[in-house]
Amino acid sequence: MKILKHVKIWPNMMVNELVEEMKNSGFQARKLADSVRILTDMIHDKKCTKFLGLAGAIVPGGMRRVIVEIIRNHFIDVIVTTGANLTHDLIEAFGEHHYHKESVVNDVQLYKSKINRIYNILLPNKGYVILEQNLQSIFPKLPQEELSSREFLSELGKHISDRNSIVKAAADENMPIFCPAISDSILGFQIWMHSQSHKLTVNTTLDQKDILDIAFDSKRSGALIIGGGVPKHYIAMAMQTTPKALNYVVQITMDRPESGGVSGASLEEAKSWKKVAVNAKTVDLVCDATIALPIIISSLLSRKESI
C-alpha cells in the first residue's frame, strides 16, 4: 500500500504538474493520471499500432482541435469514428460554427427558428445547407467508383482547406480514418444523394480487410477509446477476429456496464473476448471526455520530447 497524497495546487500551475499531483490521489483523478501514464507508454512503444476510437458528440462539444493535435503529433496511427463527428467537423471546415445556448431555451422555438440543440450547444440548420453545397461540389472531383470509407475519407480530405479539420489533418498525415457506420449520418446521406446520379459509392464492408490487415500485422496494439459505441467495437472486433489483442487501452466513458452495452463495458470484461490482452495496461476512466481529453492530451504534449 502507498500513502495517499493530497493534491497540492499553486498559482500558474501547469497542466502536466496537476496530472503529476493527481497520480497520488484517489478516485477518477488517479485514473486520469493513470491514463496519461499508459498513453505515454503506448506512444513510446514504437512497435505498437495505436488506434483512436471516437464516438459521442466530441466535435460539437469543442474537442475538434484537441483531436487534430492528437493526429498531427502522431499520438495515434489509425482513427475509427462516427459519421456524426465527421459531419460536424466538415460543417466547421466549410465555415459554419457551433454556438452556446442561452441559459433558458425553448426547444419548440428553436425548431421554428431552424436551430438544432445538442445539450447546451446549438447548430443552425444553415450548417447543413453549407455542408451540402460544399460536398456536392467536391464529390464530382473524387474517384467515381466504389470506395471503402477509408478510401473515401482520404480522398475527401485532399479537398478540405481548413487545417483544423480532422478529415484534412488525417489526410495530410496519411492516417487512415475508418467510419463503419457512415450511413448513419448526414455525411452518409449526402454520399447517397450523390450516388443516385453518379458512380461514387461508399461500401463499408471493403474496410474490413484493411483494418484486419492492420491488426494482424501489428506487433503490439493499443487504443484510446472515447465514448464507446461502434468505433470501440470495431477496434475490439479487429482484435477478436485476428490472433491479436490490445496491449494498452484507455477508455473514457460516462456509460455504465449494468445494461450490457459495449459503451459501458469494462476493459476487464473485454479480456474474456480476447479483445484486450490478459496482461494489458488498462484504465477505465469514468469522466466526461470534454473534461478529461484536453487535460490528458495537454499533459502528453508537455511530455512529447521524452516520448
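Student: In what order do the six strands of the open sheet stand, and is the pairing parallel or antiparallel?

Tutor: Strands of a sheet pair through backbone hydrogen bonds, either parallel or antiparallel. In this structure, which is a predicted model, the six strands of the open sheet follow the order β7-β2-β1-β9-β10-β11, and their pairing is parallel. The edges are formed by β7 (177-178) and β11, each of which pairs on one side only.

Student: How many bridges join strand β10 to β11, and which residue of β11 is the bridge partner of Val249?

Tutor: Strand β10, covering residues 246-253, is joined to β11 by seven bridges, and the two strands run parallel. Within this pairing, Val249 has Thr282 of β11 as its bridge partner.

Student: Which strands does helix α11 touch where it packs on the sheet?

Tutor: Helix α11 (residues 229-240) touches β1 (48-54), β2 (78-81), β7, β9 (220-226) and β10, and its direction makes about 150° with that of β1.

Student: Turning to charged side chains, how many salt bridges does the structure hold, and which parts of the chain does the pair of Lys281 and Asp41 link?

Tutor: The structure holds 20 salt bridges. In one of them Lys281 is paired with Asp41, with 3.0 Å between the closest N and O atoms. This pair links distant parts of the chain, since Lys281 is in strand β11 (residues 276-286) and Asp41 in helix α2 (residues 27-44), 240 residues apart. Lys281 counts as partly exposed because its relative accessibility is 37%, and Asp41 likewise counts as partly exposed, at 27% relative accessibility.

Student: Where do Asp213 and Lys209 lie, and is each of them exposed or partly exposed?

Tutor: Asp213 and Lys209 form a salt bridge in which the closest N and O atoms are 2.7 Å apart. Both residues lie in helix α10 (residues 207-217), four residues apart, which is about one turn of the helix. Asp213 counts as partly exposed at 32% relative accessibility, whereas Lys209, at 57%, counts as exposed.

Student: Which parts does the salt bridge of Asp107 and Arg117 tie together?

Tutor: The side chains of Asp107 and Arg117 meet in a salt bridge with an N to O distance of 2.6 Å. Asp107 lies in helix α5 (residues 107-112) and Arg117 in strand β4 (residues 115-118), so the pair ties together parts that are ten residues apart in sequence. Asp107 is partly exposed, with a relative accessible area of 39%, and Arg117 is partly exposed too, at 37%.

Student: Which residues are linked in a network of salt bridges?

Tutor: Arg72, Lys168, Asp172 and Glu173 are linked in such a network.

Student: In what sense do β4 and β5 pair, and which residue takes a positive phi in their hairpin?

Tutor: β4 and β5 pair in the antiparallel sense over four bridges, and Ile118 stands opposite Ile121 in β5. The hairpin of these strands has two residues between them, and there Tyr119 takes a positive phi near 55°. Strand β5 (residues 121-124) points Ile121 and Leu123 one way and Leu122 and Pro124 the other way, and all are buried. β5 is also joined to β3 by two bridges, the two strands running antiparallel, with Tyr99 opposite Leu122.

Student: Is Glu96 buried or exposed, and what does its side chain join in a polar contact?

Tutor: Glu96 is placed in the loop between α4 (83-93) and β3 (99-100). Glu96 is buried because its relative accessible area is 3%, which falls under the 20% cut-off. Its side chain and that of Tyr99 are joined by a polar contact of 2.9 Å. Leaving aside neighbours within four places in sequence, Glu96 is in contact with Ile91, Leu123, Pro124, Lys126, Gly127 and Ile130.

Definitions and conventions: Residues numbered from 1 in each chain as written. Predicted model: local features only at pLDDT ≥ 70, side-chain atom pairs only at ≥ 80, totals over all residues. Heavy atoms only, no water. Salt bridge = Lys/Arg side-chain N within 4 Å of Asp/Glu carboxyl O. Buried < 20%, exposed > 50% of the residue type's maximum accessible area, 1.4 Å probe, protein only. Polar contact = N/O pair within 3.5 Å; in protein donor to acceptor, adjacent residues only side chain to side chain. Contact = heavy atoms within 4.5 Å. Pairing = 2+ DSSP bridges. Axes fitted to C-alpha atoms, helices over the stretch in contact; angles between N-to-C directions.
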